[in-house]
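Please read them beside the sequence and the coordinates.

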Amino acid sequence: MLARKTWPQVIINLLFILFSLTCIIPLISIISISFSNEVDIVKNGYHLFPKIFDITAYAYILYQPVQLLNAFKVSLFVSFFGTFVSVAVMAGIAYALSREDYRFKNSLSFYVFFTMLFNGGLVPTYILITNYLHLKNTIFALILPYLAIPWFILILRSFMQKIPLSIVESCMIDGASEFRIFFQIILPLAKPGLATVGLFMLLHYWNDWWLSLLYVEKESLVPLQYMLYRMMNNIQYLTSASNMMPPGMKNADLPSESARMAMAILAAGPMLMVFPFFQKYFVRGLTVGAVKG
Amino acid sequence: MGGIFIAFKNINYTDGIFHSPWVGFDNFKFFFTSSDAWIVVRNTLAYNTIFIVVGTLLSVLFAILLNEIVSRRILKAYQTIFFFPYFFSWVIVAYMAYSFLGPHGIITSYMERIGNQSFDFYTETWIWPILLTFINIWKGLGYVSIIFYAGILGISQEYYEAAAIDGASKLQMVRTITIPLLMPLITIMTLLSIGKIFYSDFGLFFFVPREIGQLYPVTQVIDTYVYRMLKVSGDIGMSSAVGLFQSTMGFIIVLISNFIVRKVDEENKLF
């Protein structure tokens, strides 16, 4: 009896452990490559654990990291400012859509959610941003296009629909203005929803390379992910001038392979550190959205 | 949306968008008569079909199996770890893939050692459909399986208790309780992904194969094609036509699949 019950458990656990390994090993591999010795890499290839421990790669990219610091600054600003503004905008829309007594509820929902199904495509968007809004090479091009994402509005709306309308009505009887109701009643009550969507947005902005790929050509506006992409093809991009090399290091022994991976660690690191702790919010957000699409 | 005009026009910068001459469907004709059209449409549809089928099956399976894990602590650990790939951007994933498949990559060096000859993943076209499917599933599995897992948690325990009293085995419970009750969620998720069947994950197809021209026959999809046409050749009219074609087809597909679902099972329809 016992054996029959435990065998499937063992198999399930084995399967899950196997998949867990495939989730973790890539991360370990880039970490260990970033700590590997360049000469050894060229001779013997990458290894899952560094044969010769070496921090030259970090010394190299952190020596006069003007570009890197700037990219960090851009990414941080875009992530936090973008998250703040987008959550504010989406909360507003979601609240309007959650109110049963709002006259244009249906037409506005159609207007918002229709874009999930049908849109003009990449080129019209591109032309709108560059030719009409003139946002090319401005920091707002990295923020504006994500301010109202229908899917997150949907999630926020289902959070807010759980707040009974009678609360709003009783506030109105007490003479509270619409703004006051929104800021003092609705937003505090919808806090879990706001936190969830905020975290999603933070991740979304931090990991975004798409907008910078399209709209950024100016060096000072390059965020981390885009910088990483450019480095994939050309490591020189990191130090465009060779006089930025650390003393005693020549162009010939540039740790290009390990430095790339070290950069990847620096770009992925902050989010990876933070997010496992917020995982429960993620799960909650997902499940709320999944209840009804 | 006003940009739809562009698809039907021969854009030139002296006249501006709205004053450029109309060319009717020429932009579309030009795309569909080119040899690229077939390749990119085929790639997009084939990849998405594989992703939907394999992805849904695997994540439902994972969700059901997650439900069998008794210990809460272990369950949490698995969920957190499965979620990991979701936190990486595609650029980082491309770096990870490179660390395995690149010229010095872990798998590459292994294959060179057993095969005793040099091997380059980034020139072998046959292997990329497998790799891209694997990477895509790998990245999304944790995310999607948690959605399904939540769906399973929503199923009332009473069904299982009743089934247990009747002496049903685990497998029977899964087949007769879990899967039928999970079906609405599965339908919604599948419908949503079918609606996006003409769109593909740009990052996956753009970053992971590292823009290597040799691989385009198996990695070029509509999205990357439009992007490259816009950024590299600057052909606004044609790339816009392709984009409009993509949107329209996607929209039609959603309507059709929703219609079919409504016929088969009124309950599960999307709208």
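1. A residue is called buried under 20% relative accessible area, exposed over 50%, and partly exposed in between, with a 1.4 Å probe and protein chains only. Leu14(A) counts as exposed because its relative accessibility is 54%. This residue is found in helix H1 (residues 2-34) of chain A, where helices (H or I, at least four residues) and strands (E, at least two) are DSSP runs numbered from the N terminus.

2. As to conventions, this is a predicted model, in which local features need pLDDT of at least 70 and side-chain atom pairs count only at pLDDT 80 or more, whereas totals for chains, interfaces and linings use all residues. Residues are numbered from 1 along each chain as its sequence is written, chains are lettered from A and ligands numbered from 1 in the order in which they are written, and side-chain values use heavy atoms, with hydrogens and water left out.

3. Leu14(A) also belongs to a nonpolar surface patch with Trp7(A), Val10(A) and Ile11(A), and together they have about 440 Å² of accessible area. Such patches are made of residues with over 30% relative accessible area and no salt bridge, nonpolar side chains (Val, Leu, Ile, Met, Phe, Trp, Tyr) being joined within 5 Å and like charges within 9 Å; the areas come from the Shrake-Rupley method with a 1.4 Å probe, and for residues only the protein chains shown count as cover.

4. Chain A comes to 14 helices and 0 strands, and 51% of its 293 residues count as buried. Taking a contact as heavy atoms within 4.5 Å, 74% of the contacts in chain A between residues at least 6 apart in sequence join residues at least 24 apart.

5. An unreviewed UniProt entry lists several transmembrane regions for chain A, including residues 76-98 and 181-206, although such annotations may be inferred rather than shown by experiment. In the model, residues 76-98 of chain A are 100% helix, with end C-alpha atoms 32 Å apart, and residues 181-206 of chain A are 96% helix, with their ends 32 Å apart. For chain B the unreviewed UniProt entry includes residues 45-66 and 126-155; the former span is 100% helix with end C-alpha atoms 31 Å apart, and the latter is 87% helix with end C-alpha atoms 43 Å apart.

6. How much area do chain A and chain B bury between them? The value is about 6400 Å², 76% of it on carbon and sulfur atoms, buried area being the accessible area (1.4 Å probe) that two parts lose on being put together, summed over both. The contact takes 69 residues from chain A and 69 residues from chain B, yet the interface has 0 salt bridges, a salt bridge being a side-chain nitrogen of Lys or Arg within 4 Å of a carboxyl oxygen of Asp or Glu.

7. Over all chains the structure holds 3 salt bridges. In one of them, Arg99(A) pairs with Glu178(A), with the closest N and O atoms 3.1 Å apart; Arg99(A) lies in the loop between helix H4 (66-98) and helix H5 (105-117) of chain A and Glu178(A) in helix H9 (residues 178-189), so the pair ties together parts that are 79 residues apart in sequence. Arg99(A) is buried at 10% relative accessible area, whereas Glu178(A) is partly exposed at 39%.

8. In chain B, Glu68(B) forms a salt bridge with Lys170(B), the closest N and O atoms being 3.4 Å apart. Because Glu68(B) lies in helix H2 (residues 35-68) and Lys170(B) in helix H8 (residues 170-195) of chain B, this pair ties together parts that are 102 residues apart in sequence.
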